[in-house]
Amino acid sequence: MAALFPAAPLFAQNSEPGSGNGGSGGTLPTTATAVEVTESPTVDGRLDEAVWRQAGAMTGFTQRVPFDGQPASESTEVRVIFDDQALYVGVWAFDSQADAIIYGERIRDYEVNQSDAIVFVLDTYNDDQNGFVFGTTPTGIEYDGQVANEGRGGGRFQGGGFNSRRRFQSGAGGGFNKNWDGSWTVATTTDGDGWYAEFRIPFSTLRYGTDNDAWGFNVIRRIRRLNEEAFWTPVPREFNLYRLNYAGDLEGIRPPLRRLATVTPYVRASTERDFTTSAAFAEHGDIGGEVKFQITQGLTLDVTYNTDFAQVEVDDQQLNLTRFSLNFPEKRPFFLENAGFFNVGGGGADLFFSRRIGIADGQPVHIRGGTRLSGRAAGLNIGLLHIETADEAGLQAAHGYSVARIAKELPNRSRVGSLFINKSGPDGDFNRTYAADVAVGVGEALTFSSFVSRTDDPEARNDPYAWDFSGNWSSRSFSMTAQAREIGEGFNPEVGFLPRRGYRYYQSHTMYKLRPSWLREIRPHVSWFTYRSRKTGVEQGFEESSRLHIDSHWEWPSGAQIHTGANLNTEGIYAPFQIRGTDVVVPVGTYSGWESQLVFNSNPAARFSATSRINFGSFLTGSRWGGNGSLTFRPNASFSTSARINYFDVNLPQGQFETVLLGMNFGYFFTPRIYLQSLVQYSNQIDSWSANLRFGWLNTAGTGLFIVYNDVQGFDYPDGLNPDGGRFVESGTLARSLIVKFTRQFNLLGG
C-alpha cells in the first residue's frame, strides 16, 4: 500500500529552528489543512480511495522517547478530510518489520501504551487546555477520552484492585477522563508494509466553537517493540499528548452549524437474591435513559430518567489497613461526559465526587432523574447539574443535588473558576460547598494552582474551610512539586470525597532523570508528606501521618523496571482504631519506623509479563512483610488471563493477622466490540469470594447488549476475624444475580 499514491503537498507553516519542540534543531511543521470532500470514504481501513489523494500528508514525525528530538524510526503519514457530517482521519503507519507489530488486546479502551497505536487529540476550541482524544491499535479498537486542564487535575487512575486495563478514573475525572465514550468508528488493516487506520468522527460527537479558524491537532504513534513514541508536532520529553500548547493547527475545517440530538434508552431485567435477608429470588425490570440536545455548537443539555447504575461493571476489591475510606471510581454513563469541567481539588480532597449521588453506604439509591448543561459558551467552561434521588427506607431520604461550575481559560495554561454545590433534603436538611480556584502558568516549566473553599449546613461547625496551594516544575531532566493544604475540622463537603479533616498538609517531591546508554532511564527521587493535626482535643501540630520516600526507578528499553526504595513511615494515633476485618485495635501513640520496598515489572507488552512489589519493615506498633504480584498471559489479541495476589503478614503486640486479596480474570475478545470476561476475587478482610462473568456486544458510545452473572460466597470467620465490628456470617452463598441490559443510541437530529 505504500505505493498507492504519492503524498500530496502539505500546506504547512514551519516553526523557527531550535524552537524547543523536541530540540531537533530543524524546521518543524505546525500547520496542516483539512480538505472538504463531496464523496465520503468507506471506513474499512484500506485507505485506497481516490478521495484521500485530495488531502496533504502530515509526515516527519519526531521522537519524544527514547531519543527525543530525533526522527521517528518508521515513516508515518496522516491525512484529514471532512464532509458535512464527519471528520475523517487516515493514518499510514509504515513498518519495515511488519511481522513484529504488537497488536494488544482487542477490546475497547485497552491501555494503548502496551501495543502499537495511533492516538490523536483535537483541541476544538484551540484554547491549549481542553480536547478530545481518539486512538486505535492494529486490532481496530476504539480508544477515546476527554482532556481537561491540559491533563492536570484531581482525576487519577485507581490502583490497588484487579483492573488490568485501568479503565476508570477516580474522583471527578479531571485531567484525562478516559471514562468518556464517544460515538465514532474506526477500521484497520495490515500488510507487509505496515498497518493502516481510518477514523470517522461525527461532528455531533464533538463540541466546538464557531469563532476559531483552526483546531489544535497532534498525533502520536507508538511502536511498541522499540518502546518508541513519535509525534507529528514534537512534544518535549517531560510532557505528553495532553500538553496542548505544543499541538499544531488544523486549518480549513468548516463544521456544520446545526442542532443535534440523541436519545439513549435502556431496558434492564434481573433476578437476584441476598441470601442474608431474603428467602427467594426477586425479579426486577427497569427502563430509563438519557436525551442529549446540543443547545449551541459548544453547549449540550443532557436529561436523564431512572439513571443507569452501570450494574454491568464491578468494583475491584481493595486492601485497606488504614483508618480512612477508599475512593472507588465513577462508572455510571450519565456522570462521565465533561466530568473534568466539574473538578476542583483532588489528591484526597475532591470537592465534587459524583459517587456521593445515588449511592449510600455502598448501596444504590434510586435516581429519579436529572439534567446537566455543560460545555463552552461566551468563552467560559460551564457545568450545571441537578439530580433528584428517591427515598430509600432505612438507607437515605430523598435528596436533591445541584452543582454549578464556571471557569475561564486564560493564556499560558492559566485558569480561574468557581464552584457551588447544594445538597437539599427533607425538614430543612442541606449541605453547601462554595469554592474558587485558580491556575497560573509561568513560562513552559512552572505551574501554580490553588483553591479556597468553605461549607455550610444546619449544624454549627468550627472552621468549615479548606485551602490548597501547589506548584509544579517540569523540565527534561528535573521535576519538582510542592504543596500545602489545610482542611478545617468543620469542613464537610457531603458531595465530595474527603477521607480525613482537621489537618494541615505539606508535601514535596523531587526527581532527577538520568539516561545512560545502557538503560532507558534512571529516576532517583525523594518525596515527603506530613499531616499535622488541627483537631479539637488533639495537640495542635500533632503528626497524624508522614512518609519520607527515597527511591530510584531503573527502566530498560523494553519497558521493564526495577524500583529500589525505602520509606520512613510515621502514624500518630490520637484515638484507638480497629483494623478492618480483624479484632486488632491499635492504641493511642506515635509509631515510626523504616520500611524497605522492591518493585519489579517485566515488559508489559510481552506474551508473559509479571509484576511484583515486596515491602518489609515496621508497621504501626509492630512489623509486616508482604506485597503484591501478578502474572499475565496474553498469547494473542483475542485472549488474555491474569492472576494476582496481595498478601501481608502483620505482627503487632495487639495481635497477628494475615491479609489476603486474590484475583483472577480472563477475557476472550471475539471482535473489538464482542467480548466475554470473567473476574474472580477473594478477600479475607470481608471473608468472601466473588465471581463475575460478563458478555458484551457493544454498539456505539459504550452502548449495546450486556449479560452479567454475579455470585458471592462467604466463609466462617477464623480466629475472630469479622467484618463490620462483630457481624458473623456462616459459610455459604451470600448473594447471586443475573442481569440482562440493552441500551442503544438513536440520532433524533443530525448525524
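Visitor: Leaving aside its neighbours within four places in sequence, which residues is glutamate 521 in contact with?
Guide: Glutamate 521 is in contact with Arg237, Lys513, Leu514, Arg515, His553, Trp554 and Glu555. Contact here means heavy atoms within 4.5 Å.

Visitor: Before I go on, what am I looking at?
Guide: This is a predicted model, where local features need pLDDT of at least 70 and side-chain atom pairs count only at pLDDT 80 or more, while totals for chains, interfaces and linings use all residues. Residues are numbered from 1 along each chain as its sequence is written, and side-chain values use heavy atoms, with hydrogens and water left out.

Visitor: Back to glutamate 521, is it buried or exposed?
Guide: Glutamate 521 counts as buried because its relative accessibility is 9%. Buried means under 20% relative accessible area, exposed over 50%, and partly exposed in between (1.4 Å probe, protein chains only).

Visitor: Where does glutamate 521 sit?
Guide: Glutamate 521 is in strand 29, residues 521–533. Strands (E, at least two residues) and helices (H or I, at least four) are DSSP runs, numbered from the N terminus.

Visitor: How many helices and strands are there in the protein?
Guide: The protein has 0 helices and 43 strands. Of its 751 residues, 55% are buried.

Visitor: What about tyrosine 512, where is that one?
Guide: Tyrosine 512 lies in strand 28, residues 503–512. Tyrosine 512 counts as partly exposed because its relative accessibility is 40%. Leaving aside neighbours within four places in sequence, tyrosine 512 is in contact with Ser477, Phe478, Ile522, Arg523 and Pro524.

Visitor: How far is the C-alpha of tyrosine 512 from that of serine 475?
Guide: Those two C-alpha atoms are separated by 9.6 Å, and the residues are 37 apart along the chain. For the protein, among contacts between residues at least 6 apart in sequence, 60% join residues at least 24 apart.

Visitor: New topic: which residues form the nonpolar patch on the surface?
Guide: Phe666, Tyr668, Phe670, Leu693, Ile707, Tyr709, Leu738 and Val740 form it, with about 630 Å² of accessible area together. Strand 38 (655–671), strand 41 (704–714) and strand 42 (732–743) are the elements that each give two or more residues. Like charges are joined within 9 Å, and nonpolar side chains (Val, Leu, Ile, Met, Phe, Trp, Tyr) within 5 Å. Accessible areas come from the Shrake-Rupley method with a 1.4 Å probe; for residues, only the protein chains shown count as cover.

Visitor: Which strand gives the most to the patch?
Guide: Strand 38 does, with 3 residues. Phenylalanine 666 is found in strand 38, and phenylalanine 666 is partly exposed, with a relative accessible area of 32%.

Visitor: How do strand 41 and strand 42 run?
Guide: They run antiparallel, joined by 11 bridges. Two strands pair if DSSP finds at least two bridges between them. Aspartate 711 has arginine 736 in strand 42 as its bridge partner. Strand 42 also pairs with strand 15 (residues 261–274), in the antiparallel sense over 9 bridges, and valine 267 stands opposite phenylalanine 742 there.

Visitor: Now the hairpins. Which residue takes a positive phi in the hairpin of strand 22 and strand 23?
Guide: Asparagine 412 does, near 55 degrees, in a hairpin with 3 residues between the strands. Strand 22 (residues 399–410) and strand 23 (residues 414–424) pair antiparallel over 11 bridges.

Visitor: And in the hairpin of strand 23 and strand 24?
Guide: There, 5 residues lie between the strands, and aspartate 427 takes a positive phi near 60 degrees. Strand 23 and strand 24 (residues 430–442) run antiparallel with 10 bridges.

Key
Patches are made of residues with over 30% relative accessible area and no salt bridge: like charges are joined within 9 Å, nonpolar side chains (Val, Leu, Ile, Met, Phe, Trp, Tyr) within 5 Å. A salt bridge is a side-chain nitrogen of Lys or Arg within 4 Å of a carboxyl oxygen of Asp or Glu.
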